[in-house]
Amino acid sequence: MNDNTIKIVSFLCNWCSYGAADLAGVSRMEYPADIRVIRIPCSGRMSPKFILSAFREGADAVWVSG
Amino acid sequence: MNNKLTGSVVVIGGGISGMLSALDLANSGYYVYLVEKGPSIGGVMAQLDKTFPTNDCAM
Amino acid sequence: MDVNLCVGCGACAEKCPGKFDDGYNANLKQRTAIYVEYPQAVPLKYAINPKVCLKLTKDKCGLCEEICPAKAIDYTQKEERITLDAGSIIFSPGFKPFDPSRFDNYQYTNFANVVTSMEFERILSATGPTMGHVVTFPKLPLNPKKKQDKLLVEKRKDPKKIAWFQCVGSRDINKCDNAYCSSVCCMYAVKEAMIAKEHAGGDLDCSIFFMDMRTPGKEFEKYYENAKEKHGIKFIRSRVHSVTEDAETHDLNIRYVDEKGGIIDDTFDMIVLSVGLEISKETRELAGKLGIELTPSGFCKTSSFEPVTSSRDGIYVSGVFNSPKDIPESVLDANAAASAAGDALSAARNTLTKAVEKIPEINVVGDRPKIGVFICDCGSNIKGVVDCAGVTEYARSLPYVEFADEAMYACSQDAQNKMVEYIKEKNLNRIVVAACTPKTHEPLFQETLTNAGLNKYLFEMTNIRNHNSWVHKNNPDIATQKAKDLVRMAVAKAALSEPLKEEKINVNDTVMVIGGGLAGMTAAKSLASQGYKTHLIEKKDKLGGEAHKLYKTAQGEDVQTHLDQLIREIETNENITVHCNTTLEAVDGFVGNFKSTLKTKDTAFELDYGIAVLATGAKALVPVEYEYGKDPRIITSLDLDKRFKEKDAGLAKLNSAVFIQCVGSRQPDRPYCSRVCCTHSVDNAIELKKRNPEMDVFILYRDIRTYGERELLYKKARELGVIFIRYDREHKPEVKLLNGKVLIALNDHVLNQPVEIEADLLTLATAIIPRRDERLANFFKVPLNDEGFFVEKHAKLGPAEFATSGVFVCGSGHYPKPVNEAITQGRAAASRALTLLAKKDNLFTSGTIASVDVMKCSQCGVCVAICPYSAPRFATEGRFAGKAEINAVLCKGCGLCVASCRSGAIHLRGFDTNQIFSQIFALGEVV
């Protein structure tokens, strides 16, 4: 990962938060580009291993939303 | 009398309403002829930028 | 043009010298004589306008024939006559926007910066003549050639002030003959103002000049309030008399009278005329040929009880031709017309349809991934921010990527066709599309894969528009980098995707309709006539619901006669079983396989069915203000209907009757318009005037919302001498009971003075409130909105169904609506349900579901306990008895069991653990 930038790995539920992120776009909101979204079918799909793995890969923060 | 019935429908007008009538009928077991005077379907809705009140893209 | 040969490449249009107005862009620019309507047009086939084609008019040119690589040009084509044999006709010819050229006071033809709302719509569009940039002189080309135009274009600027004039070509019999309200202009003007502000930045000054603000649809009032309160759009209640132009700057000066009677002068950079909807002369003539009756305004004459059936047997109508309406209502009309047309032909159903040819699936299991990546520009939506060419180039460098390409609109028909070709040509076996959101576009691309013989789950979509270009528009470099990251992640995931199988669902074709009001009965009747066994559940002791309380429809039809007839038809229909005094106690199962427990009085019984229609309706609010309940002379709209129905002779003896509108509606705790009350009160006021023309009748209102041809009632009421006095939310009328009198005090908006009215009868137009049936919503896992109305699948395109498969909605439980609209929605729900029932042998589960690796399963039972849908259970027989197994139909693919399985025995197809890890790892790679 590029050392100069912050990277947030976010796991977004397809049915709510992913749709909300879509809506943020439709509403032309602006937010920092440090976030990378991984779409998951439900936050119930989340496993602690994903979070640990993201940190191991250099993520500065992990955001699970659903 | 039932023998005389024809299981097809002509839909005149390829705007949002005509298109959806055609889809419903075709998916319900009727043969549909969709007639549109222009070269493509879509009607006025295709010209709209966004739609009220959700601001969804009309296209 | 030979449409079978044309590939839509557009080579012809590049060279074509003929030009004519581009109707798609509201004539704001020109197009070539050989053209497609718009880039996403279906079918994407070029057409020649014979009136401007040089070859066809002067026998010169012929360039397109030379250029066309597909040899599709044929100048010899002649008009053909085709005879079609059909059982029904649906006539939905639509409308034409009103042409304001004839209004000399607005100078539309002479002033460059006076535009119509349709033109403004194109100005806002990224694919429009100004590419979404709001500028003055929009009718001039971006780089004009004529000297005179060049001088004007030098004065072009980004407008700072824009005004919208409402009711241009609507509610007007002085300058045009359109007495009706066009029903949509208030909404689109608010929308255009908000989007213009968004495009131009926050300091754009937007003013909307209106007579009554009519936002009576679902969620519309909130949008209007937001526009006013949060976005600073000004709403000015005034009809502007005329517009003049500054000869030098071309600024537009207007003069109007404000609400206090003061004369105001103001200057705008641009004026948008909110033009109404009109039925064209051509449509009227065609209607004449078809032999269907029209109203004086040119709309189709229909009954409130058969709202999509024309006066001629076998011809059904829908859309604006039926009455001025917006998109969701046009969609409901469309569904309803399909239902009406189909019901008439039910005996001949499935006699002429043909089966779709199934494209054999290519087996890719075990093959090395060969990924095709498609980067969408989405016009300027993505390309305007992200370096799409760079991202495409980058994609080519990624592992397993065989091919990458950029598309202007990846969703357009031509791009889809190309995708199919590339898949076949390059033997691609995984596809990645970087474009907008998979939530709307994934099914489209998956269908393209199917057409190319690939399993649709070999597809991965990543969102570089909503999650990237739209939200990082000021950081193009970072957005491009992010797009590359997202593409890399998607490619990594796609490389691990596997073809998935969809399981067949057995559909029980019995239907349950909950709610025996007008909408529910209509839905039940339609489905029964298509041959499906239908159970109609009503909690009261008789069918009919709230309609029992109504006197007449807005068209003057007697409600009770029709209602009684419909109830008789329902009760005698052998396919319908009516269950009165019955409540729903439990719901189990899923689309095609529901099972319910119902209770009639004290007896419980079970019902198996495949489809549910929720038609539970709404009810009138019991008012808590205006001294209601303290005096028999203060009643509600429905109480007044009751007195009309009972032919109460006392009504003719009243000297003074007052109606108060918006009782409980359009206020902070209930921020929606109840839609029906304005028409209801106006109608009842007319009824009172009919009984006693000398009676003083007052309607105290905030905005009169008699949309569509209901406006004619408003006009009639004024002609009969009904007095309309406006009040605003902050200054409600005050009702006092004093010395045996009912007194109403308020400020008169015309005189700007306090007035006091003594009423012999005060009718409160009460809000329509939802039943907020949370239990029912939970049973079927369907959502309720903040107010307690059901939330449909899609506000525009899915107004009669829920996101939950197999569950449909109609009637006032969705939103308050008058008789004709409830019936339309009832039919629409039936039509949507029928498309599912017709798939009886052709319905499949999703492929993205969980599956158990029995060798790893330790039989701990966590999955069985944790699943909210009861999909996993212990196998009871066979080799793996005791191990977990998952019911494919019940599984929603949420992955809860996968995450909770301590043995790692459960896999979620399409979102498997290794796929999610691959995305995380792809992020970790140094770019």
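The model is predicted: local features need pLDDT of at least 70, side-chain atom pairs count only at pLDDT 80 or more, and totals for chains, interfaces and linings use all residues. Residues are numbered from 1 along each chain as its sequence is written, chains are lettered from A in the order in which they are written, and side-chain values use heavy atoms, leaving out hydrogens and water.

**Stop 1: chain B.** Select chain B and you will find one helix and four strands (DSSP runs numbered from the N terminus: H or I of at least four residues for helices, E of at least two for strands). Along the sequence they follow the pattern β-α-β-β-β. Of the 59 residues in chain B, 59% are buried (under 20% relative accessible area, with a 1.4 Å probe and protein chains only).

**Stop 2: strand β1.** Now pick residues 8-12 of chain B. Five of the five residues are buried, so this strand is largely enclosed by the rest of the structure. S8(B), V10(B) and I12(B) point one way, while V9(B) and V11(B) point the other way.

**Stop 3: one neighbour, β2.** Look for V9(B), whose bridge partner in β2(B) is V32(B). Between β1(B) and β2(B), the chain crosses through helix α1, residues 16-28 of chain B, in a right-handed β-α-β crossover (with the strands pointing away from the viewer, the path from the first strand over the helix to the second runs clockwise).

**Stop 4: across to chain C.** Finally, show residues 88-91 of chain C, strand β5, which runs parallel to β1(B) and is joined to it by four bridges. Here V10(B) has I89(C) as its bridge partner.

Note on methods. Buried means under 20% relative accessible area, exposed over 50%, partly exposed in between (1.4 Å probe, protein chains only). Two strands pair if DSSP finds at least two bridges between them.
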